[in-house]
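Work through the exercises below with the sequence and the structure at hand. Each task is followed by a solution in steps.

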Amino acid sequence: MNYAMVLDYQNCINCKACEVACKEQNNVQLGADKQRIWVGQTDNVIFGNLFVNFYPSQCNHCLDAPCVDVCPTQASHFVEGGLVLVDQKKCILCKGCMEACPYDARFVDDERVAVDKCTFCYDTRILKGETTTACQATCPTKVRMFGDLDDENGDVIQLLKTRKFFVLKAKEGTVPKLFYLVPENDEEYALQSIGHSNKIYTWDEMSPIIKAAKAKRSMQWKKS
Amino acid sequence: MNVEISRRRFLQGSVALSILGGISLSSDKLFSQESKDGLSGEKKIEDVPFLCAMCVNKCAGFARVEDGVVKKLNPNPYFPKSRNMLCPRGNAGIHTLYDPDRLKYPLVRIGERGDGKYKRVSWDEAYKAILHGTDKFKGILQILDEEKDNRSTIGYCNGEGLSKEGFEDLMGQKIGTPNYVDEISICLETTLAGYFNTIGTYGEADLNNCDYLIIAGANRAEAIITPDTMDMFKRNRGRGLKMIAIDPRYTNTVANADRWYAINPGTDLAFVLALTYVVLKEDLYDKDFVAKHAVGFEDYKKHILSHNYTPQWAEKITGIPADEIYKTAVEFMRAINPIYYQGRRSVFAKNDFQLRRAMAIFQGLSGNLDKKGGIIYGKKLKLPKEDINAPMYGQAQERFDVSSVAIPSGKTGSWILFRNMILEGTNPYPVRAMFMRKHNPMSGVPNTTKTEQFLRKMDLNVMIDILPSDTTMFCDVILPEASYLERTSPVASYGFLEPAIVQRKAAIKPLYETKTPEVIYKELAEKLTKPLWKNTLKYDEDVQDDTKGMNAGDLEKYYKENGFDLTDLYEKTVEEANKEKVVKAFGEEAWNILEEKGVYYPNMKTYYKKINANTSEYYPDDKKFYTTKKDKLKVIMNFKNLAKKGVDPMPKWHNEWAFEVPKGQFRLITGRHAQFTQSGTTNNIMLRDLIRTNYLWINKDVAKKRGIEFGDKLEVKSSVGKINIKAFPTDRISENQIFLLHGFGGSSEEMEFAYGHGANDARIIEDKVEPVYGGAVMHETNVEVRKV
């Protein structure tokens, strides 16, 4: 089991249904800056033309997660399926993980007095038998597909095998697990939003990277 | 002040309140819940099918109810219209249900109008106040007595929703007033009318199969319409659907389009006429289709060509380059399945009816109607209708507001004309009471100052609503309604390509002392029926003639047989009526499916297929209702009867419609965002996190010249009022235009989360009407802007 999310981000219209569904599902603290997930926006003027592009995002549940490494109390930890979670009882709010995260995916929950972030709805849905996260299920244009990288026949692998994709900040080397599908017939669209230097992958290229990272870290995955 | 309430803490609070009210949970249930949590951890969990009412779309969902508390709203995969999704507002519905500012008990005004002083009363006392008034206001009996039973002296209004028809039946059919205004005349009346009068339907755009879309003045990424929004943004940008966006602003829809033309506000008609010119001049239209279905084609061709509606002509009016117009026209006609999207929004300009006619005709020229990939007519599943025994009131008079418009809409009239005539005293008889439900004209109808004067002029204002809106605060009797998650609503039929029957079921019982709208209608009818009947007997000569010499028994029989008994509409509860209708039309099994899934359509069990976690198939492709109109399809290009009403029989440009803004001023345009619906959702704490207030979009260069920076306080002034609002300098709008979101800036202090945020556009939009239906024109106001 190796949970991941594929995003057909070209579909995104920045309606933020995912943000609300996440908050309602997971009892996330209210407040505009208290978000487990968000919609990023590229806002540019290219050759005199406005260019706006949306990329929904959240915790990447990196296979080689730096937030887990820096945590002094083991509050940030891996669980089965390669999910990165925070044990809020153990969190002492040193905020080291917030510094370490390349994606700014973590924030302080002032009520629980602990760091909070996306769990892929592990406790609120997946453990209860649901196969989708709240953000995926509610999306009007169906941007997200949540699933298992170890399931060869699953929808996630099928998408990754048939489409090209990129990850955010690949150079950080954290082996993130949000895979952004490159628009099929409009690659320029992707390049304009992520920059021309960002690497575009096929599954054959990504698969060994994931395998290696899993081999390195999966002994730390706690059984739930 | 920032008020932070955690959802958890908040839900606990609401439960406690409802226990105190003794409504939602009994005390022994509370204890059992505690013991459950402590011991076995077992909770009573239910998924109740509901239809969302956060906007007009009625998307389907399942409410997860845990021990009587709604904890999560999930999308319902079975409804072909909403296709397994809930938008941000749909997700946030829980916080409308549990909004701490909700109207919880019936209230009667004890202070002066607008000062917010009310007394909590029982429902009986509230009904009594409506009938007999108090020392502060007159009751309906006194008004009708003074007006000699002229029922038309009562006005009423209602916003969109599944319980609207019930209110219309009570007020219009049974109590007997024609003076009804609703959201149609401040919304899409001319869009519907333009399409109906041209191609016989508003139709549904088949965006799953369309390959070329002109989307003009419709912002589907931010003004979500299901299923259109979901379909079009899965196929845009190189994925089969080429999208040309026409909008004065760079919207999120524009961000997803292939091309964008920033058109001058109010000039879309010139754009469509020029497209039509190119198509007719170069013979690009579908000749077979036109020969078969067009009415008055030769007249129209001559009309367009002789007026020289060339792209060059349109460039000067619209601001869109002539060669781009030419290119778009040619591409449109060369596409296999092109659609000029019908749009669905308020009237922006006085020419809106003609614009819609021109759009529908242009669509007709492509031949892409009543077929896969085009605008389809589809099918609607029929539900039996109940007959209403509507009484005749001899003293009631005709409605007066639409006498000055060309094609009067007898049912819903014109909000602006109705209000203004009453204010100006040009109404032939007085209107003295307003019965209002789920409607906030203080925010929705242009010129708020006049709306306030109108409300103050009434002898009696009654409101049925869930929140203390600006309008509610000018009412004398306030009846608190159950929100959509607390009520089972009349069963509804959704038509077009993949028709279905849908039902909203109550997820929980009404909170506090609220009641469902249908129960309120019933109780109002019970309280009003006999006193009003006595008033009719006193003044109505027709009834007096009919009933002369009758004994009490015969009189009672006459009262019942002739529909004067207002209560005869309410013999069945909503639940009973729903079951009866569905079983009668589709059988017992259909009812069981509808009860469980919230959705039913014939052959659902075999047709419905889940394709993956995201996608379902509702009807096999060969069973979808792509083509239903066939030979009956007509495209009316020359509509000769319109001329008799003084309306152009063929869409024609008039020079007074040109876009002009005096130097130093700006054209005001308004619109929507995906995270709120008008004023009704501004108090929702979850949505407030996403969009707390509105800003004034002003062109970056203009702002720089004027020394305006982000967040600066601006005063925006028109001929009818002024507002203060914070600045948002942006590239996304032209130099002589400004934009603000509609719905913010409410004056009701009782909506604590919304109060004090943003500005109300209705305070500065001038109250202009378009001449064909009397619809409110939203984008013809020029304003001055200054830093304060």
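**Exercise 1: a hairpin in chain A**

Task: Find the hairpin formed by β2(A) and β3(A), and state how many residues lie between the two strands and which residue in the turn has a positive phi.

Solution. The structure is a predicted model.
- Step 1. Two residues separate the strands: β2(A) and β3(A) make a hairpin with 2 residues between them.
- Step 2. In the turn, A:F47 has a positive phi of about 50 degrees.
- Step 3. Strand β2 covers residues 37-46 of chain A and strand β3 covers residues 49-58 of chain A; their pairing is antiparallel, over 10 bridges.

**Exercise 2: two sheets in chain B**

Task: For the open sheet made of β1, β2 and β3 of chain B, give the strand order and name the edge strands.

Solution. 
- Step 1. The order is β1-β2-β3 in chain B, with antiparallel pairing.
- Step 2. β1 (45-51) and β3 of chain B each pair on one side only, and these are the edge strands.
- Step 3. From one strand to the next, the twist averages 30 degrees.
- Step 4. Strand β2 (residues 60-66) of chain B is joined to β3(B) by 6 bridges. One position to look at is B:R64, with B:K72 as its bridge partner in β3(B).

Solution. 
- Step 1. B:V502 has B:V599 as its bridge partner in β20(B).

**Exercise 3: a pair of helices in chain B**

Task: Are helices α11 and α16 of chain B roughly parallel or roughly antiparallel?

Solution. 
- Step 1. Helix α11 spans residues 268-281 of chain B and helix α16 spans residues 352-366 of chain B; the two pack at an angle of about 25 degrees, with axes 9 Å apart.
- Step 2. Angles under 35 degrees count as roughly parallel, so α11(B) is roughly parallel to α16(B).
- Step 3. The crossing of the two helices, α11(B) and α16(B), is left-handed.
- Step 4. Residues of α11(B) in the contact include B:L269, B:V272 and B:L273, and those of α16(B) include B:L355, B:A358 and B:F362. By class, the contact of α11(B) with α16(B) has 10 nonpolar, 2 polar and 1 charged residues.

**Exercise 4: where the chains touch**

Task: How many residues does each chain bring to the contact, and which element of chain B gives the most?

Solution. 
- Step 1. Chain B contributes 40 residues and chain A contributes 38 residues.
- Step 2. Elements of chain B that each supply at least two residues include α1 (7-21), β3 (69-75) and α27 (685-690).
- Step 3. α27(B) gives the most to the side that touches chain A, with 4 residues.
- Step 4. By class, this side of chain B has 19 nonpolar, 11 polar and 10 charged residues.

**Exercise 5: confidence**

Task: Where in chain B does pLDDT stay under 50?

Solution. 
- Step 1. For chain B the mean pLDDT is 93, and 95% of its residues reach 70 or more.
- Step 2. The stretch asked for is residues 1-38 of chain B, for which the model has 42 contacts beyond four places in sequence.
- Step 3. The model scores ipTM 0.96 and pTM 0.94.

Key: Residues numbered from 1 in each chain as written. Chains lettered and ligands numbered in written order. Predicted model: local features only at pLDDT ≥ 70, side-chain atom pairs only at ≥ 80, totals over all residues. Pairing = 2+ DSSP bridges. pLDDT = per-residue confidence, 0-100. Contact = placed C-beta atoms within 7 Å. Axes fitted to C-alpha atoms, helices over the stretch in contact; angles between N-to-C directions. Parallel < 35°, antiparallel > 145°, perpendicular 65-115°, else oblique. Left-handed = near helix turned anticlockwise from the far one by under 90°. Nonpolar A, V, L, I, M, F, W, Y, C, P; charged D, E, K, R; others polar.
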